[in-house]
Amino acid sequence: MSVLQNTPYGRSLKHLEYAALGGRAYQIRKELKQGLEKPFKTVIDVSSGNLHSAGIKPLTFVRQVFAACLYPQLIKSNKLPADVKQRAQALLEECAGGSVGSYTPTRGIPEVIHRISQFITWRDKGAASNPENIYLTPGSQWALENILKILVNRLASPGTGILTPVPCYSTSILSMNLLGAILVPYYLDEENGWELHVQELHRALASAKGVCNPRAVYIINPGNPVGQVQSKKSMQEVIQFVYEKRLILLADEVYQDSIYTGNSTFYSYRKVLSEMGPPFSDTVELASFHSVSKGFIGECGLRCGYVELVNLDPSLKDYIYKLFSKDSCAPVLGQIAMDLMTNPPQPGDPSYSLYEAEIRAIRDTVTDNVKRASAVFNSLPCVSHHPVNGGAFLFPKIDLPTKAVQKAKEENLEPDTFYCYRLLEETGVYACPGSEYGQAAGSHHIRVCTLISRDVMEELLTRLSSFHRRFMKNLS
């Protein structure tokens, strides 16, 4: 797609090295197991938010309920707390045949969906959620792809445009591209904490004139990879914009629990839309996404997310149902994980104290990781990093020397991809280059996950700091 190739995403897709870097990290692990000598003994993977692989322990309550659902005989034993057994029994009664191995209805277990709807209403302080508008899916990206299939007409001329942030989660970029969408970039303001300015949305929309037919605005809040948390004022301006321009709002809100500073608060787009009242609250079309992979529950491998649809054209309901039903249902254990994440133990329950202590420990660990890593990055030569308020990643900017840029060009790599390859080969640290996510021309970044244990973070920073100083000295 020629238009796409001239965008920041086009450059990242043309030189996509994320999969190749991951493949090399896998090979290095095999080489270490085979006894090959390297200057490090382990690979530290901070390429994605994969909590349990990075030293963060699963939540006890969640795993106990899983165990009882998978092996119901445990419900009759005295080895589990009473609330765990009660919860597992109730969930099994909601599964066909009393088994997590059974299919569920397309949208998910009805009782689970009802409880998720209650959670949304509680989260948004009274803005009532309708269970009929919620679909449980095998991950939030799966849900996003299905909504995009409804929006994108790959046969249309001009093509369908989606206003998309720079930087943006690389999997979302790939999904949109593969479905035939034309990505219309709007740039987040790095110098002001990656703020989203509505004037930039207007500029991006004007740039699409004669190129494509814009249908939607894609927002990630809290941000990935940059960790910005939108203010309510900014969200109101976005809603006003999509209302005036008759665009659909796609709100990726999977990091909503990951807020690290007291001066930032997560507001869902659904809540802000409801508070704005008519004509916005009853006309703006919104799809919001959440996931069990990205919160502190961290059950990435169980693959479950949900999408809530607000104000979508009623005539589309049958088509949406058929589209979502093609893969039968979301994994049942994933649906149970979503139920446990949105409806955790309550005060007075036997499991409440331990659950709260484990959540608090994870939050404290990640908050400390963010502060520690940000301080280290800002202490390194030619590196700058703005404060992070939420999300799961740091996205420091690296001013690479001309010699490094030239070396990267000789190897047909983006400069920050070249940096990440060298980082992996010399230290075993697997980070992602900023070019995978889109970035302003001439700028270079890396993305580093913060959802890791303190020990892993300390080892990561030790290796990265030593490498960076050596890299900059040798290529300056």
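Trainee: What should I know about the model and its numbering before I start?

Mentor: The model is predicted, so local features need pLDDT of at least 70 and side-chain atom pairs count only at pLDDT 80 or more, while totals for chains, interfaces and linings use all residues. Residues are numbered from 1 along each chain as its sequence is written, and side-chain values use heavy atoms, with hydrogens and water left out.

Trainee: How many helices and strands does the protein have, and what is its radius of gyration?

Mentor: Helices (H or I, at least four residues) and strands (E, at least two) are DSSP runs numbered from the N terminus, and the protein has 17 helices and 14 strands. The radius of gyration is taken over C-alpha atoms, and the globule rule is 2.2 Å times the number of residues to the power 0.38. For 476 residues that rule puts a compact globule near 23 Å, and the protein agrees because its own value is 23 Å. Along its principal axes the C-alpha trace spans about 65 × 55 × 40 Å.

Trainee: What percentage of the residues count as buried?

Mentor: Buried means under 20% relative accessible area, exposed over 50%, and partly exposed in between, with a 1.4 Å probe and protein chains only. Of the 476 residues, 57% count as buried. A contact means heavy atoms within 4.5 Å, and of the contacts with a separation of 6 or more, 73% are between residues 24 or more positions apart.

Trainee: Is Ser258 buried or exposed, and which residues is Ser258 in contact with?

Mentor: Ser258 lies in the loop between strand 6 (248–252) and helix 11 (269–276), and Ser258 is buried because its relative accessible area is 1%. Leaving aside neighbours within four places in sequence, Ser258 is in contact with Pro222, Lys294, Phe296, Asn389, Gly390 and Gly391.

Trainee: Which residues of helix 11 are buried, and what covers them?

Mentor: The buried residues of helix 11 are Tyr269, Arg270, Lys271, Val272 and Leu273. Their cover includes helix 6, helix 10 (232–245), strand 5 (212–220), strand 6, strand 7 (286–291) and strand 8 (305–310). Helix 11 is followed by Gly277, whose phi is positive, near 70 degrees.

Trainee: How should I read a loop residue such as Cys382?

Mentor: Cys382 sits in the loop between helix 14 and strand 9 (383–384), and Cys382 is partly exposed, with a relative accessible area of 41%. Not counting residues up to four places away in sequence, Cys382 touches Lys397, Ile398, Asp399 and Met472.

Trainee: What is the volume of the largest cavity, and which residues lie nearest its centre?

Mentor: The largest cavity has about 70 Å³ of space, and among its 13 lining residues Pro165, Tyr186, Leu188, Ile220 and Gln228 lie nearest its centre.

Trainee: How do strands pair in a sheet, and in which order do the three strands of the open sheet stand?

Mentor: Strands of a sheet pair through backbone hydrogen bonds, either parallel or antiparallel, and here two strands pair if DSSP finds at least two bridges between them. The three strands form an open sheet in the order 10-14-13, with antiparallel pairing. Strand 10 (393–394) and strand 13 (432–433) stand at the edges with a single partner strand each, so one side of each is left without a neighbour in the sheet. Cys432 stands opposite Arg447 in strand 14, while Leu394 has Val448 in strand 14 as its bridge partner.

Trainee: Which way do the residues of strand 14 point?

Mentor: In a regular strand the side chains alternate between the two faces of the sheet. From strand 14, Ile446 and Val448 point one way and Arg447 and Cys449 the other way, and all are buried.

How values were computed: On a 1 Å grid over the protein atoms alone, a cavity is a set of points where a 1.4 Å probe fits but cannot get out, and a pocket is an open set with protein on both sides within 12 Å along at least five of seven lines; lining residues have an atom within 4 Å of a point. Grid points are joined across faces, edges and corners, and a volume is the space filled by probe spheres set on the points.
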